[in-house]
Amino acid sequence: MTLDVAAVVVTFNRADKLGRVLDDVLAQERPVDRVVVVDNASTDHTPEVLARYADHPKVEIMVLPENTGGAGGFATGMARAYEQGADAIWIMDDDCYPHPGAVGALLDGHAAAEDRMGMRLPFACSVVQWSNGDICEMNNAEPTWDWAKLLVHGQQNVLVNSCSFVSVLFPRWAITQFGLPLREYFIWFDDQEYTRRLIAAGPGVQVLDSTVTHDLGVNRGVNFGDVNDGNMWKFEYGVRNEASYRWHREDPFAAARFAQRLWRGLAGGNVPWRLRKRLAKKFVEGIRFDPKPTFPRTVL
Amino acid sequence: MSALDLPTPQHGGPLFTVTTEPRLFSPLDERETRLLAGALTYQTLVHPGVDVRVTVTRANGPTPPSLTDQATQRVEWPDHREVVGTLGVRSTGQDPTTTTTKDVVVDLGGPVDQLSGLVRLPGRLNDVRNAIRARAPVAFDALRQRQTDRLENRRLSRPLPRIGAFERPEHTGASGQPPAVLFGMHWLELGGAERWAAETVRMARDAGLQPIVVTDRESAHPDIVSDVFDGALVIPLTHPMTSDDESTLLRTLFDRYDIRGVHVHHCTWLYQRLPWIRAQFPGTQLVDSLHVLEWRTGGFVDIALRLSNVIDEHHVISPQLRDYLVDRQNLSKTKVTLATLADLTVPAAEEPPAADHVDGPLTVAFVGRFTQQKRPYLFLRLARTLHRRLGNRVRFVMHGDGELGDEIRRDHARLGLQSVVEMRTPATPVSQTLEEADVLVICSDNEGVTLTSFEADAHGVLVVSADVGSQASVVVDDLLVPRHPGPLLARTADLVAGLVEDPARLASLRSAQHAKVAAFAALPRARDWTRDLYERWNS
């Protein structure tokens, strides 16, 4: 049975990279059936880039009236693809260049892993590389304790608990059962919360044969020691969201361990006290912040 | 005394012969004759080779027919019944197996119009419940919807038990008897799901198969006279039957016909017997058609899921049901077929007439049965609110009748809406109401996909609907309103008021609606799926 696969790309002010992303998505050997591009109210020349794809029969462009963050953009785009009847939804950022064969490998790897495991698996993600071919530190999937279960049987698949929204494929049933990413997170930890929500049904799988390049300026993971005035806004979302997740979806002890990790990171990086205080407030805000998943409508 | 013209099946000849000529003291109408034929078929099938002496009665009052239940074995009956005739019958195809005669009393029930009222459960608690519902339907409904929320959450969080799968034995081959399809229906009142079920009966007949129809719900079966059932073997079951009779009925049906497939629509009785049929008649294909997810009771979808291991294919009419069965309940995608009824009542591809509302009041209509599910009382409240807000700039038509009919008419008067809401009975064609309407409001608290939505679109009528079932497949996003009564009324009132203020928006919304309906209509059609299925069964 042929699957209807939709790609969802969320963009915000990355006009210089977006065209290549879309070209690489549309050039996949196993073609996607449609591409939903969500423009989060970009203020650069993104509209001009998107105009080139306006008449493409597979591309649908959704321009949002305001920036809803990556979380809002992915929720909107995934809901749209779901409503159009997609069987699988492949999502990525606007600076993710899928390598040839990336989506085909994801589909094949996911199917092979399900077959071997004898159960449905709620997502399949690619290996994310940086521009120089190294592993992209921000986008490492977290393996399960039995991560090599499929490797020992010759599959190039690793079982994982979570991954980032940089080339990850969700089967329709997972979205039907678990809903959409939390829009309210806006940015950061939305991918962790979502994939961890989905593993209630079973582990995810990282398909080693599926690779993409994440075109970041620097190859560095999230480190609380790096907090400064310029990037503070992102860390504020990150701390609020993770505190909320640990407290409400895990338990207060998990939240306490996160607080300890946060404290050690900030101290280790000698982050100014005024920024630490702001992040502490965000932590407290996270305890009160508990958004609930929404579900897409079935239309077709 | 008058002659009795009993219908016979299209294939294989009659299943019984008349051994004692009928003596009729009162003429039977077409409906009663067909009910009697169903009863005689049943009684002779469960008593093969036996002389069956039949006393036929008719009830005065709201009593459903008694055709196959254990009461037919007793030669006494309540006072409110009159005897309308007697006759003797015996099954064909067998030598007489006994010299004794079996006596049965078949009651054809009361008049149709006395059997459409609300079924009131006995007990003081139910009296109180009914009184509250009649006096304060919106508050009652609000509580009911909250209960639905709880039941919905519970249903989604609990796995359903499944009957065990078993290896299907080899196909036993053709029996030389006429090929047939056994249908299970709720009753012979042809609205919604039954309309589609009746259509499949017609298609089976057209495909050269003998349709055998059993129903399992009490009813006067007013549509048994429909030409859809001409040539079909129709047995309206009445419960409780004896378990011996039940198995004998099925066994003799399978003896007399080469039943290639069983197609269950809404028939709990037949669903429950599918495992036995699968075990005893493994060559028979078992399929069902599912229409609506009942969050409150589970309904037929839950029964189908429980029995899924012995069902070969589930036909669903809405994407919502497909997602529920495949995504939520983990049925194989190859076992669930989505095929819609978009063209059941209207040609699906038809372009709607151009928007022609220019002057005059905006006409807002309700079309549907007056039942708890359709919530007609909400439409009356909507009309009151909008009339207060907009006066004569909006007019209302309420088209239908049903078990809440009396309560709705009382409500209509009590709310002082006699000059505001025009009431129309089903005697008026629905098409006439839709011709006049600009907006159709669907207040239902549960649906699959309403056939009325397609009819409305074909007439260029904009549909505002509660966001239930698969209504999102055919209704514009902006015109979907919450299921809970308070938010439904507030949101619908705002939407209609907005259209009165900005009639130009009607055209753009109609266009968006038609695009959505057309996309839905492009999905596979139920007629095509069924035609292919029956052709396979008859090959």
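The dialogue below takes up a helix pair, then the domains, then the chain contact.

Author: Please note at the outset that this is a predicted model.

Reader: How is the packing of two helices described, and what angle do the axes of helix α1 and helix α5 of chain B make?

Author: In general, two packed helices are described by the angle between their axes and the distance between the axes. Here, helix α1 (residues 30-46) and helix α5 (residues 243-256) of chain B have axes that cross at roughly 95° and come within 8 Å. Angles of 65 to 115 degrees count as roughly perpendicular, and α1(B) and α5(B) are therefore roughly perpendicular to each other.

Reader: Which residues of α1(B) and α5(B) meet?

Author: From α1(B), B:Tyr42, B:Leu45 and B:Val46 take part; they meet B:Asp245, B:Thr248, B:Leu249, B:Thr252 and B:Leu253 of α5(B). This contact of α1(B) with α5(B) comprises five nonpolar residues, two polar and one charged.

Reader: Which domains does the assignment give for chain B?

Author: Chain B is assigned domain 1 (16-110), domain 2 (179-339 + 524-537) and domain 3 (362-521). The centres of domain 2 and domain 3 of chain B, taken over C-alpha atoms, are 32 Å apart. Domain 2 of chain B gives 11 residues to their contact and domain 3 of chain B gives nine. On the domain 2 side, five residues are nonpolar, five polar and one charged.

Note on methods
Residues are numbered from 1 along each chain as its sequence is written. Chains are lettered from A and ligands numbered from 1 in the order in which they are written. This is a predicted model: local features need pLDDT of at least 70, side-chain atom pairs count only at pLDDT 80 or more; totals for chains, interfaces and linings use all residues. Axes are lines fitted to C-alpha atoms, for helices over the stretch in contact, and angles run from 0 to 180 degrees between N-to-C directions. Helices (H or I, at least four residues) and strands (E, at least two) are DSSP runs, numbered from the N terminus. Angles under 35 degrees count as roughly parallel, over 145 as roughly antiparallel, 65 to 115 as roughly perpendicular and the rest as oblique. Two residues are in contact if their C-beta atoms, placed from the backbone, lie within 7 Å. Ala, Val, Leu, Ile, Met, Phe, Trp, Tyr, Cys and Pro count as nonpolar, Asp, Glu, Lys and Arg as charged, and the others, Gly among them, as polar. Domain bounds come from an automatic or database domain assignment.
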